Amino acid sequence: MSEGIKRRDFLKVLGVTGAGAGLVGCSTDRVEKLMPYVTPPEDITPGVATWYSTACGECSAGCGVWVKSMDGRAIKLEGNPNHPISGGALCARGHSSLQALYNPDRVTQPMQRNGDEFEPIDWETAEGILTNAIQDAGSATRFLSGRVGPSLSALMDEVVAEIGGERVEYEALSEAPLREAVRIAFGRDEVPHFDFESADLILSFGADFIETWLSPVEHMRGFARSSGVDDTDGSKTRFVFLGSRLNLTGQNADDWYPIRPGSEGAVALALANALVQRGADAGPYNSIVQGYSLSAAAEQAGIPQDSLEELVDHLSAAEAPLILGPGVAGQHRNATASNLAAMVLNAVSGAIGSTVHFDQSLTGAATRPYSELFGLIEEMAGGSVQALVLHGTNPAYSLPPAAGFREAIEGVGFKVAIVSQMDETAELADLVLPDRHYLESWGDSNPRPGLWTVQQPAMRPVPHFDSRPCGDLLLSLASRLGADLGAETFHDYVRNRWSDLHADAGSPVGTFDVFWRQVLRDGMAELPTDAAAQVSLQSPDRALTFDAPALDGDEDGHVLVVYPSSRFGDGSGANRPWLQELPDPVSKIAWHSWVEIHPDTASEMGVRKGDIVRLRSPHGEVELPVFTYPGVRADTVAVAMGSGHESYGRYAEGKGVNPMRLLPAEQEQPSGALVHLATRVEVEPTGRHRRLATIEGSDQTYDRPIAPAVALAELGQGHGDDHGGYDLQELQAMGGFVPVPTEGRPQDYPLPGAQYGDYDPAENARWSMAIDLDKCTGCSACVTACQAENNVANVGEDQIMMGRDLHWIRMERYYETVDATAPGPVDVRFVPMMCQHCGNAPCEPVCPVYAAYHTPDGLNGQIYNRCVGTRYCANNCPYKVRVFNWYGFSDVPEPMNWQYNPDVTVRSEGVMEKCSFCVQRIRQVENRATVEGRDVRDGEVVPACQQSCPAEAIVFGNIRDPESRVAQVVENERTYRVLDVLINTQPAVNYLRKVTFHPVDDIHV
Amino acid sequence: MATVTEKERGAQTHPDVRKYAEVNTDILQMLSRPGKWWWILLGMSIAGIGLLAFSWGNQIINGIGLSGLNSPVGWGAYITTFVFWVGIAHSGTLISAILFLFRARWRQSIYRAAEAMTVFAVMTAGLFPLIHLGRVWHAYWLFPYPNQRLLWPNFRSPLVWDVFAVSTYFTVSSLFFLLGLIPDIAAARDQTQKGTLRNRFYHLLSFGWRGTDRQWHHFAKAYLLLAALATPLVLSVHSVVSWDFAMAIVPGWHATIFAPYFVAGAIFSGVAMVITLMVPIRKVFRLEKYLTIRHFDAMAKLCLVTGLIVFYAYLTEFFMAWYSGEDPERRVFWNRLFGHYWWATWIMLTCNGMIPILLWFKRVRHSIPALFVITIFINIGMWFERYVIIVTSLSHEYMPFAWAVYRPSFTEMGIVIGTFGWFAFWFLLFIRLLPPVAISEIKEVLPPPMRPKRRTKEEVSS
């Protein structure tokens, strides 16, 4: 018998394939010309990421970021690790920039108003119209801009000077009262730097410093470093929160003083007075503070006096205390006074110089007062403004309607909006000019003296949108008006300015070209400054009242707290589905708005979670579903800003409610800030109910081994990883019912008897994670980072309502102790819950097709294209971290899909997915190590969640390597694994217990 | 006391049936022209199939998201109804095989219909593993077919066991069903006109049956063999189905009692369904002679026994949850009784625990309307039992933060209702096309026809 192919078989095969080829060849309807990628652009290697340094443009903090670009598309943002503000981390809003860049609702081309409609025009026409209108208006031109970088700001000023008009800046979230208070207290018109890391006692009178306040990422890093327990010496900074509502920042506090809104000034001064009585010096404020006794302050704040005395003890014991004012949510009619009181307390307690630094003041902080815009509105209403140029601000949305912005702007002859996406204000314009996103354009930022960050385009402009950078447009306008500003493009303009900076700084690093190249690579430059650090209290140059402010509305009503959303900020983040879908860190609600009401108040009113109530203030009314929240005072209700857009793209429109409608348009004196805490509201049930789009099932752990804590006093007393005195018992696979005690060290997982497929524990790494829950603040940056990295789709409000969120990390939030009735410990536990990559995984054996299986390198693999969708694995997952593609969620409108990470599969309908430990990053590092002929180094693999975590709570690595950081972190008495003792899953994720100052019931884990 | 022979016992079960010929006439008249109501019912069942096809098609095109399922409740009405139909499927084989082996002579007049019900119920149940898949077009991956990539299903997964259990059960029960039919189909064949469609159909299914001794001999052997083969399946299939749950670590599922508990429940629901179906058949076709009160009494007793086992299993579950001392386990059961799904649990307890208590009373067991109503309650209760086990457990697992509520969607309801149409469709065809009562076996238990005893000379003379 001859082996091989027979002649006949060969002919058969030939015939069939030939016919097949013919059929296939004929079936092509359309012939497309394909071009091979023979000569790629110089900086693009297909499949290899290029990283660009730039500056995040989301808030005024000015974080330096790295933009990951693959094949010419920006696909992910990460904090620039060398940047002193971001320190390598990034918040959820920063990540979401990409969705503003690729937002399908961006303006596609210049548009001109024609009646109620906009009609597209070309750039030449548009610039002509703009030039003519501004020429006609001349000095009756006004520029209304939001916060912009120093170069663009300078250019605007130059252009405005050229025209002869005026420039007005408006920021919805403005810390004007803080800046004014600092000016009054220390004579420095700036916002100092707050050093959380050095603080050994932190008092916040409401400032949401890890959410929106000034520089959240930097604050969170410092806060986590000081507030997270130091395992070497057991030191831990106490954080006391004083306010009527626990925001996310407050949930991270150790003690909560639920003081009445508006009583901050009295309490702070009374504390200062008590310190002065103990020998501290309030300088020129000695006489003022004498008027404030603890008893009166306690009376005003509605808390017992002895708890305030306790606070005085803490303060006088502290060497580096840090006291923060009320923040934007607490901007009431005496907000400057409250901030001043906090500053006085800082000075009295010795914080100035130790935790409050004036040599690094926050030059970029958003502090422009509303009064500037107020003046402009009056001018517009008076008809003296003929042309208005709008850029980067949305007052039609973010101001209370009572401000009359919409009415006033009608009196302006010509309105041009330079925006990248239509919003409520741009809708009022006559001409809309599409602006570039910050990731496509040049710019810079100067977040603090001497720290300059360059903003360079990370990619060519998204071709779907015929946009022009605002800077280029202004330069072109200037040249059309006959002015020469010394630059053709804004790129040149920025370079020129940096060239001057370079020269002024004494030309470091040699020539400017060398310096510039280095700046572009590093993303920043630190230049010498002469900022003075020394300040002292000065006598106030104006009289202020520190008393509780007046509130509008009925005395019986509830005080309305309108707070900035940690997801949307002032509302500018609302057009990104990632942020809409991100469950609010406090309420865990996505997509829609809610009103926070204390459970007791709610039951008095006869309303439950999800019942829709009407809030009525003297200025307006809104309807909102109730979220019962024990972290808000019984006499207070709270609503987040940022939702309820009428025009801001498909992801924002009609989602939620804008609470600004309830507020008066009033200026705080003397700062001129908009008053946010201004009114009481009547809460009236409507009898209607809705299902909340929430991911929260229960807020109680029922003492299950999920989120245990340990009291600081108990640390170091051998309450180690003892499994509550139980040995882990392992039933031998085939050996019958003979329990075999096993050593339960996580380094040894998976233990004998566990089922782990082809994994060879002796040969391979054991990838493992450690999460320090004493550092985790629940900010949820990791959730969005994971979405960006892993192409996790959005599902929308209806799907979240049904319980179908797709996030790979669920930020669980359990209330242990939250008491709004009296001062005392507050204990909220956060558990970032992702796939635990169990050594003995319950999901693996139940999958009928091996889609869930143990990879040879010890991970829980999920093979998307093998999955048939029985969902058995998810049913059997005790951690409930497997999520299912109920529909084809990944089909997003062009160009949103440009953001997808090409290293990660985009999942189709009907398959299960879950956290992969960023296996693509592990592979990449392993490949690189192989190419370089070495082993993978510890710390080289950084999953997206760890990379993003501003609190530095996550450590990842090979736990089997005793030298690795994760192995060392896990060698800690606080280490436990969720549910492990209950069901023996042998997870690869280790948690370190939260540490509390108050005693906690010891849950054996 | 004289021993009662089998024949006499048979005569007791069917005291009103006198002649063999009568059996043929009575049973085969059922296959005559159907009436108006049959057509109406058939129309309704086809409408049900239409609903099923529409809902399922819609779900395939648009995505499994049309169900109300979510995380963490990955299984809901679909798997509930799957288990429900598999459970229904159990009584047929129990009655035909196990009772055959145990020589329980009251089975003759009901076993045929029960068997048919089994086959159709398995056919219905078999749809659900497909319906509930996220990607039904890849369902064949669950079968161990040879392929180049040497990919096999995961034999450790209870779902793969399920595939084998249900397909084996379907094969064996339909073989058993068709085999038992042969002599009766031959009888029907002989009554139909040659050459008609019906005649040819019977011709095909009767496999050339002529009723020779030799054929009867082989038939009896084969029947016995298949009965012996089917018997373990009665116990194994539903045990395997129960392991879909018991093998998982979900609190409320992970219990060793599940296999016997599910088997008892399956027989409970299956017998109840047989009663529910037999009552109208008996009435419509005037089969009172064949389906006597004694039959219903026996089935009601079977219901009562299995019902008590099931109720005992409920109590055991609750006890074990408390006794375990584990909060996740305890809370699941507390939540069953008083949580979001309390109503489902109380329907289950009422229908399966309380109402069957009535069956203790002979008067109830002997009242056909009462039995009809009670068994409908049992059917409802047994559907809710599975719903309670699946949904309440999944919605309330280890991580309290991930607890969620599941509500069945319209698509799910459409499919669930549609499968009742699918089942009814086959059953309606069955009662008009195949002899729904076993002609030959009833004859076996009738007193053999005898000539009248000749009078002796003495009798004549006196």
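This is a predicted model: local features need pLDDT of at least 70, side-chain atom pairs count only at pLDDT 80 or more; totals for chains, interfaces and linings use all residues.

User: What kind of peptide bond joins Gln669(A) and Pro670(A)?

Analyst: A cis one, with omega about 10°. Most peptide bonds are trans.

User: And what about the bond from Tyr749(A) to Pro750(A)?

Analyst: That bond is cis, and its omega is near -5°. Pro750(A) lies in the loop between β28 (739-742) and β29 (767-772) of chain A.

User: Why does Val509(A) count as partly exposed?

Analyst: Because it has 14 C-beta neighbours inside 10 Å. Buried would take 20 or more, exposed 12 or fewer.

User: Ser780(A) then. Where is it?

Analyst: In the loop between β29 and α22 (781-790) of chain A. Ser780(A) also has a positive phi, near 75°, and is not a glycine.

User: Is Ser780(A) buried or exposed?

Analyst: Buried, because 27 C-beta neighbours lie inside 10 Å.

User: Switching to packing. How many residues are in the largest nonpolar core?

Analyst: 452. Ala268(A), Val344(A) and Met117(B) have the most contacts inside it.

User: What does Val344(A) touch, leaving aside neighbours within four places in sequence?

Analyst: Its contacts include Ala185(A), Ala268(A), Leu269(A), Tyr285(A) and Leu537(A).

User: Now the interface. How many residues of chain A are in contact with chain B?

Analyst: 45 residues of chain A, meeting 39 of chain B. Elements giving two or more residues to the chain A side include β30 (810-817), α25 (872-876) and α29 (980-983). The largest share comes from α25(A), with 4 residues. By type, the chain A side has 25 nonpolar, 11 polar and 9 charged residues.

User: And chain B itself? How many helices and strands?

Analyst: Chain B has 18 helices and 0 strands.

User: What radius of gyration does chain B have?

Analyst: 24 Å. A compact globule of 462 residues would be near 23 Å, so the value agrees. The C-alpha trace of chain B spans about 95 × 55 × 45 Å along its principal axes.

User: What share of chain B counts as buried?

Analyst: 49% of its 462 residues. Among chain B contacts with a separation of 6 or more, 82% are between residues 24 or more positions apart.

How values were computed
Residues are numbered from 1 along each chain as its sequence is written. Chains are lettered from A and ligands numbered from 1 in the order in which they are written. A nonpolar core is a set of buried Ala, Val, Leu, Ile, Met, Phe, Trp, Tyr and Cys residues joined through C-beta atoms within 7 Å. Two residues are in contact if their C-beta atoms, placed from the backbone, lie within 7 Å. Ala, Val, Leu, Ile, Met, Phe, Trp, Tyr, Cys and Pro count as nonpolar, Asp, Glu, Lys and Arg as charged, and the others, Gly among them, as polar. The radius of gyration is taken over C-alpha atoms; the globule rule is 2.2 Å times the number of residues to the power 0.38.
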